[in-house]
Amino acid sequence: MSVPYAKLPAWVDYGLIPLINLAVAFLVAGLVVLAVGESPLRAASLLIEGAFGYGEGIGFTLYYATNFIFTGLAVAVAFHCGLFNIGGEGQAYVAGLGVALPCLWFDAYLPWYVIFPIAILGSAMVGAAWALIPGWLQARRGSHVVITTIMFNFIASSLMVYVLVDVLKPAGSMAPQTRTFAENGQLPRLDWLMSWFGLDIGGAPFNLSFLLALVAAFLVWVLIWRTKLGYEIRTMGFSPKAARYAGVSESRIIIITMMLSGALAGMMALNPIMGDQHSMQLDFVGGAGFVGIAVALMGRSHPVGIVPAGILFGMLYQGGAEISFEMPQISRDMITIIQGLVILFAGALENMFRPAITAFFATMTTARAGKTLPAGE
Amino acid sequence: MTDIAIELRGIDKKFGLVHANKDIDLRVRKGSIHGIIGENGAGKSTLMSILYGFYQADDGEIFVDGRKADIKDPNAAIAAGIGMVHQHFMLVENFTVLENVMLGAEDSQILTSGISRARQELKRLEHEYELEVDPDAIIEELPVGLQQRVEILKALYRGAEILILDEPTGVLTPAEADHLFRILKQLKDQGKTILLITHKLREIMAITDEVSVMRRGEMVATRKTAETSVEELAELMVGRRVLLHVEKGPALPGEVLLSVENLTVRDSRGCDMVKDVSFEVRAGEIVGIAGVAGNGQSELLQAVSGIRRAVNGRVLLKGEPIHVTGKADPSELRHRGLAHVPEDRQHMGLVLSFDESENSILGYHDDPRYLNGAFLDIDAIRADAAEKIEKYDIRPPNPRLKTANFSGGNQQKIVLAREMERDPQVLIIGQPTRGVDVGAIEFIHKRIIEMRDAGKAVLLVSVELDEIRSLSDRVLVMFDGRIVGERAPDTGEGELGLLMAGVENSREAAE
């Protein structure tokens, strides 16, 4: 028999609770900073100042956020199908080929606005292809995607070292990276966008792919909640039995979802390759695939949550770099600890404060309503 | 000394806006079996959870044996001599009976002495109450009825004088239920007090001494069982007169719409669950399949509706074969006029986290009237859902409400509305009223009869023998994967019961 239970208003569920979790994460992080003998308040102000205090800082924050939005969306789409794609890192890495090759081939002939769509398509297709294999293995052979995608991260890593060292490295160069693309292989920066707000992004590589990330977030929302495919994905994710009953082909949906997830992760490669370094370098993904898991968790697998969560992690990256520069006691590893705490409180311990908050709101609403409803209907 | 084992005074409990228990008084006589009956959501489980210490009452007092008891957690309840047998067993499946009984009462860190003491105690209890179970059997290998016995032993082992049983017969065969009742009577004779929570009126009449009726969080009446009737209790539960008897005219069977020939189906472990089964369902008749749960009915339903692949045999829908041994596609079968109300409403028939309107298209989501190309036409879906809500009186009437927030009866109405409003030729229904309250049962039964009278072929599977007998025009009995007999619906319960238990020649045996 069911237990009657009071529902929380949406703004509490999606707004207040994540904020409280975040506040607690920062509180605990503050204690860690205190323990190494630095002032948590100064660290916090450095973090905020470094991430949002000036144009260039904001530019970097949003540049990192772009990566995390893409990988966060990738993880979220798979979540909706009940799949845990932790291979975003490898999918993005291999998808670098889908970006770098068109740039290397066409940057002498085609303008950037022709190369860009080719690179979008290329990165999405290569990312999807890399996710297809684990997806197929899950759908047809029952090999768990968590295992296969993590293995594919290692394969991707080795494959890309080979490609960069033995295939794409220009002759005579010592660095394992492609040649620098000509101007046609570079995405325009969004300095004009920032200048509307009177900000100067300085040297920050904030570029067009940020807008693409926002478009992708919107399209993911449309896909999941407004299309037949999204309906089937959610049915599958919530209840595989119901999906079978409804005549939804399990293997088809798993494979399609993994490919969509891989495509989104793959598009992340546009940002560092075409938007920042203008060449493909070793390990350009730099852990963004894994941060995407935290972003998706924190954003509740909803694009409206993923975009701010991506920006939050962008802030931690950028502001964290600033802290480690200003406070030699605090190394980059400390920043990783803070990120870990955010993941811990926002993801794993998400429901820690929920009972207390539910009880609080229950008494509030009862007091306000002044009367009570009968049980049942 | 007093002869009242439990007294509740003014128990009150709110969950937010839901007033689950309103100022409840209850007196349970020592050494009696006291039934608590009410529809789903009437507050029975909440009240028992308060008594067992899962919840704290907002107001009110509990007296055990005349002494005021402060039951703030289940440990306090156990200390006060109250034991509970939950609806869903709280057993460790891969532990032995003995290990489960000891769990949480091991006495010391080193188990050896505890084990031998527990073994002795278990033997004594078995002897005293005729509760025989092999102490070294693994739980998951025991039938459900014995697992329940272990739950009872667990409570007795902890010295329970008062036993609360929450919907104990939901998972039992009629024979197992009878056995349970014998055990309960035995316990009563030994001076134990038993609180039986159920929504089955027959059980109340069969075994209780007194019965209390709850409705919408209130205790509306307490009666001596001998002085009341099923009709009165049903009326008290629902708050209005209820038609317990299904009224229907004679069947007018037409052409064969569904025919099953030599069907064999295997479960996921590779055991044959349906063995060489053949039958027909004609237009305008209801064929009921009776049987104890787990005798192949689920697999049969799944194979006929295209969800599970059959190993052998043929199924014809309106004379056209279904690819039951190959890749049958449930959505294709829907297009061909076969609707299916699945047994497992909560996991198969519905996606509980979807809103109502999303569930009202499950399986029909590729119908162009709900789509704009590849996009869902949300307005059309909600309008369609609102129409069905009105027609089937689904409450609350809100297509955007999460399905999990509807009561069992209303959830079932969502499924029925979806499947019946498609005007199917063949309707397959599994457990139409499981977990559904009395008021909704009446409505659902009426709808099923209406479908029959509209010339549909209805295949009905239910573990409620009463339901099979009152709805069906023909009854097939399934045992161990086979159809072991066909009987008329007015065949005596004893004879059907024996067939369900696999006794051949049940006609003679029943006499």
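I338(A) touches A29(A), L316(A) and G320(A), leaving out residues up to four places away in sequence; here two residues are in contact if their C-beta atoms, placed from the backbone, lie within 7 Å. I338(A) sits in helix α15 (residues 332-348) of chain A, where helices (H or I, at least four residues) and strands (E, at least two) are DSSP runs, numbered from the N terminus. I338(A) is buried, with 23 other C-beta atoms within 10 Å. A residue is called buried if 20 or more other C-beta atoms lie within 10 Å of its own, exposed if 12 or fewer, and partly exposed in between, with C-beta atoms placed from the backbone. Between I338(A) and G262(A) there are 76 residues of separation in sequence and 28 Å in space, C-alpha to C-alpha.

The model is a predicted one, in which local features need pLDDT of at least 70 and side-chain atom pairs count only at pLDDT 80 or more, while totals for chains, interfaces and linings use all residues. Residues are numbered from 1 along each chain as its sequence is written, and chains are lettered from A and ligands numbered from 1 in the order in which they are written.

Turning to chain A as a whole, it has 16 helices and one strand. Its radius of gyration is 22 Å, close to the 21 Å that the globule rule gives for 377 residues, so chain A is as compact as a globular protein of that length. The radius of gyration is taken over C-alpha atoms, and the globule rule is 2.2 Å times the number of residues to the power 0.38. Along the principal axes, the C-alpha atoms of chain A fill a box of roughly 80 × 60 × 40 Å. Buried residues account for 51% of the 377 residues of chain A. Among contacts in chain A with a separation of 6 or more, 77% come from residues 24 or more positions apart.

Helix α9 (residues 228-238) of chain A deserves a look of its own. Eight of its 11 residues are buried, so α9(A) is largely enclosed by the rest of the structure. The buried residues of α9(A) are G230(A), Y231(A), E232(A), I233(A), R234(A), T235(A), M236(A) and G237(A). Their cover includes α3, α8 (209-226), α10 (240-246) and α11 (250-267) of chain A, together with β18 (375-376) of chain B.

Chain B, for its part, has 18 helices and 22 strands. With a radius of gyration of 25 Å, close to the 24 Å that the globule rule gives for 511 residues, chain B is as compact as a globular protein of that length. The C-alpha trace of chain B spans about 70 × 50 × 50 Å along its principal axes, and 47% of its 511 residues are buried. Of the contacts in chain B between residues at least 6 apart in sequence, 67% join residues at least 24 apart.

One open sheet of chain B has six strands in the order β6-β7-β8-β3-β9-β10, with mixed pairing; two strands pair if DSSP finds at least two bridges between them. At the edges stand β6 (82-85) and β10 (218-224) of chain B, each with a single partner strand, so one side of each is left without a neighbour in the sheet. Direction ignored, neighbouring strands of this sheet are turned by 20° against each other on average. β6(B) pairs with strand β7 (residues 162-166) of chain B in the parallel sense over four bridges, and V85(B) stands opposite L165(B) in β7(B). Helix α1 (residues 44-51) of chain B lies across β3 (33-38), β6, β7, β8 (193-198) and β9 (210-215) of chain B, running at about 150° to β7(B). Helix α8 (residues 230-238) of chain B lies across β3, β9 and β10 of chain B, at about 30° to β9(B). For these angles, axes are lines fitted to C-alpha atoms, for helices over the stretch in contact, and values run from 0 to 180 degrees between N-to-C directions.

Chain B is divided into domain 1 (4-238) and domain 2 (256-351 + 422-510), with bounds from an automatic or database domain assignment. The centres of the two domains of chain B, taken over C-alpha atoms, are separated by 34 Å. Their contact takes nine residues from domain 1 of chain B and eight residues from domain 2 of chain B.
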